[in-house]
Amino acid sequence: MTAHGATSEGTMLGKGTASTPQEPSTPTSASSETETETGRERERETTTSTELSEIFFVDNSRRKQSIKIQVKLCPEGVYLRRETDEDDHINEQLIRIDDIIGSRYGPRLKKRARGGLNSCKNPNGPGQEAAPEPDSDHSAYLYIYAYLKKEKPLRRVQTLRILRFRSSNDYGVNLQTAETWHHTIRKHKQDSGCSSPADAGKQLLILLNPKSGSGKGRELFQKQVAPLLTEAEAQYDLQITTHPQYAKEFVRTRKDLLERYSGIVVASGDGLFYEVLNGLMERMDWRRACRELPLGIIPCGSGNGLAKSVAHHCNEPYEPKPILHATLTCIAGKSTPMDVVRIEVAPRDKHLVMYSFLSVGWGLIADIDIESERLRSIGAQRFTLWAIKRLITLRTYKGKVYYLLPNNSNNKKDEPPVETAKEARETPVVPPPIRSSLPLNALNEFKDLPEEDELGDHDHDSDQFADAISMDRSVYRQNVDSWHSAMSRRTAYYSLGGPSLRSNRSRMSITQRIEAANAEFAEVVPAGTIPGLQLPLPASEGWVCEEGDFVMVHAAYTTHLSSDVFFAPESRLNDGLIYLVIIRSGVSRHQLLNFMLSLNTGTHLPIGEDPFIKVVACRAFRIEPQSSDGILVVDGERVDYGPIQAEVMPGLINVMTTSGQ
């Protein structure tokens, strides 16, 4: 960018009032407009290829003078430095690059009601830019959208900075200057670890339940979510669910899911997220899907435990605008591994496996959650009323509860459960298949490759069918005597106690290779590492059994069960732990009342030893009810009553966060 001239015709507006001088530190909702002007020499410095710096002027109509503002764009963000001539007072502000969600350049935007549903296309994408209608002075504008994070109270402050470029009489030159600033902002965001769907050429898949939010799901999306997606230049594909299990079937059967989408966002409650998770886990390429498709949630429903847990993990605000804050999290471009719990139930001699992200409940809280459905018309007060009813007519349930403490791993202390759950078998004729703990992405990356001295002119073979057999370079070796990564250019075989085997170039055809890979992919499913539901749990392997009458057994693996139930304060998204709260018969109603009233603050759990209330951090558990009547819930959804067991699979999926930690 070359030197330009500048004049002072700009104003700085705040809170939508008339033009008044404002500090660069922004109020709750603020916008500022700075204009460049011809006829003056623009002071401009470009210190490096990643930094842009210019001097702008803003009119102060009240004092009839111009305010000089230096705007510097650097990897840390947008730095504004204001100086007045009266007392040489200097005010500075840094808009962090992580707080900037996007920018837009072009002609001046016409004011329109916020919340209008705009196109999901990238406004600056090829063929999407409207014919410019610049001002009479051929100005080009850069709109910088940011949501500044403030403490005490924790909140996000909506901020808009508008830079007006009009140093040339040629609109194209001014537009090119604005475009340079726009792309530099995007580059700095990429360098900071923020991945935008637009950068990858993919869309966000957004699944919206129109009946969520008391039937206002569409309206909430249009007014609160769509404007932020437009500001962030996020291209998205909006799918409206039409019936139960729609989301599950969509993600399970969509063949181009990974090629077309960069992530999946659920705009509803926890129930729809449960559908998406289980749909992904029923795909043949579930490993790759879990690894490459981060999941996000926008709390438009009644049960919003996951959204609140993610906000708590990232130290982000939740109230008073949970939809706004969750949308900012989903477009931040970062993700964090999150535990998934594998659930086994056996109703009516059937064996069912499902995957959970929130909780499993038996007893008091499960009863309140399900039985209060008949009072849904009165809203959230139904939980309070039914909790009072259940405390008056307190129930107990007889049964057994088993749990496995985290320092006992079935003699596999060096192998995390998520790894031992990923088992692979090779096809050569050998004795019975040997179980092996492999990395998360190892199964779809074994490819028969020639030795290095055999490559010759056949290098193109390894890339010809790259889509059929993935070659992720992140594969690492856990046991070099047992197998080799695909990148070692050796075929993976399992050792039988002797030296590792090396193969000659495979004689299989390309079709046979693909069929073999697909067969292996279909065969291997997320398998548990604990005994099956019908098998006993031996104490010799670390299982602890408690038997008797229970008021409640509730397992949680996120901090919040709902937006106002802070159930497991010590839980983390990826700690590999299940927090099991056991309340035995004999507890007083007064103690139970205090327990229920303290759920919103997280102070409900006993500090020391308590004869009736116990908290256990475990990695697996089993509940065996000995009565035929009761309620079991998984992620707030009722399941068939009977024996149930669960095992944590650490870090199996990725959820969208602002921290990326």
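Reader: Which residues is Ile 264 in contact with, leaving aside its neighbours within four places in sequence?

Author: Contact here means heavy atoms within 4.5 Å. On that basis Ile 264 touches Leu 205, Leu 207, Val 251, Leu 257, Val 276, Leu 280, Leu 293, Pro 294, Leu 295, Gly 296 and Met 656, leaving aside neighbours within four places in sequence. A word on the ground rules: this is a predicted model, where local features need pLDDT of at least 70 and side-chain atom pairs count only at pLDDT 80 or more, while totals for chains, interfaces and linings use all residues. Residues are numbered from 1 along each chain as its sequence is written, and side-chain values use heavy atoms, with hydrogens and water left out.

Reader: Where does Ile 264 sit in the largest nonpolar core?

Author: A nonpolar core is a set of buried Ala, Val, Leu, Ile, Met, Phe, Trp, Tyr and Cys residues joined through side-chain atoms within 4.5 Å. Buried means under 20% relative accessible area, exposed means over 50%, and partly exposed is in between (1.4 Å probe, protein chains only). The largest core has 66 residues, and Ile 264 is one of the four that touch the most other members, along with Ile 343, Leu 580 and Phe 621. Another core of 28 residues lies apart from it, with Ile 206, Tyr 236, Val 265 and Ile 298 among its members.

Reader: What percentage of the chain's 661 residues count as buried?

Author: The figure is 52% of the 661 residues. As for contacts in the chain with a separation of 6 or more, 72% are between residues 24 or more positions apart.

Reader: How many helices and strands are there in the chain?

Author: Helices (H or I, at least four residues) and strands (E, at least two) are DSSP runs, numbered from the N terminus. The chain has 16 helices and 27 strands.

Reader: How do I read a pair of packed helices, and what is the angle between H11 and H12?

Author: Two packed helices are described by the angle between their axes and the distance between the axes. Axes are lines fitted to C-alpha atoms, for helices over the stretch in contact, and angles run from 0 to 180 degrees between N-to-C directions. For H11 (residues 364-371) and H12 (residues 381-392), the axes come within 9 Å and cross at roughly 130°. Angles under 35 degrees count as roughly parallel, over 145 as roughly antiparallel, 65 to 115 as roughly perpendicular and the rest as oblique. H11 and H12 are therefore oblique to each other.

Reader: Which residues of H11 and H12 meet?

Author: From H11 come Leu 364, Asp 367, Ile 368, Asp 369 and Glu 371, and they meet Arg 382, Phe 383, Trp 386, Ala 387 and Arg 390 in H12. Sorted by class, that contact has 5 nonpolar, no polar and 5 charged residues. For the classes, Ala, Val, Leu, Ile, Met, Phe, Trp, Tyr, Cys and Pro count as nonpolar, Asp, Glu, Lys and Arg as charged, and the others, Gly among them, as polar.

Reader: How does H12 lie relative to H16?

Author: The axes of H12 and H16 (residues 589-597) come within 10 Å and cross at roughly 160°. That makes H12 roughly antiparallel to H16. Ala 387, Leu 391 and Ile 392 of H12 make the contact with Arg 589, Leu 592, Leu 593 and Met 596 of H16. By class, this contact has 6 nonpolar, no polar and 1 charged residues.

Reader: Why is H10 described as largely enclosed by the rest of the structure?

Author: H10 (residues 322-330) is largely enclosed because 9 of its 9 residues are buried. Those include His 325, Thr 327 and Cys 330. H11 is also largely enclosed, since 7 of its 8 residues are buried.

Reader: Is Asp 635 buried or exposed?

Author: Asp 635 is buried, with a relative accessible area of 2%. Its phi is positive, about 55°, although Asp 635 is not a glycine.
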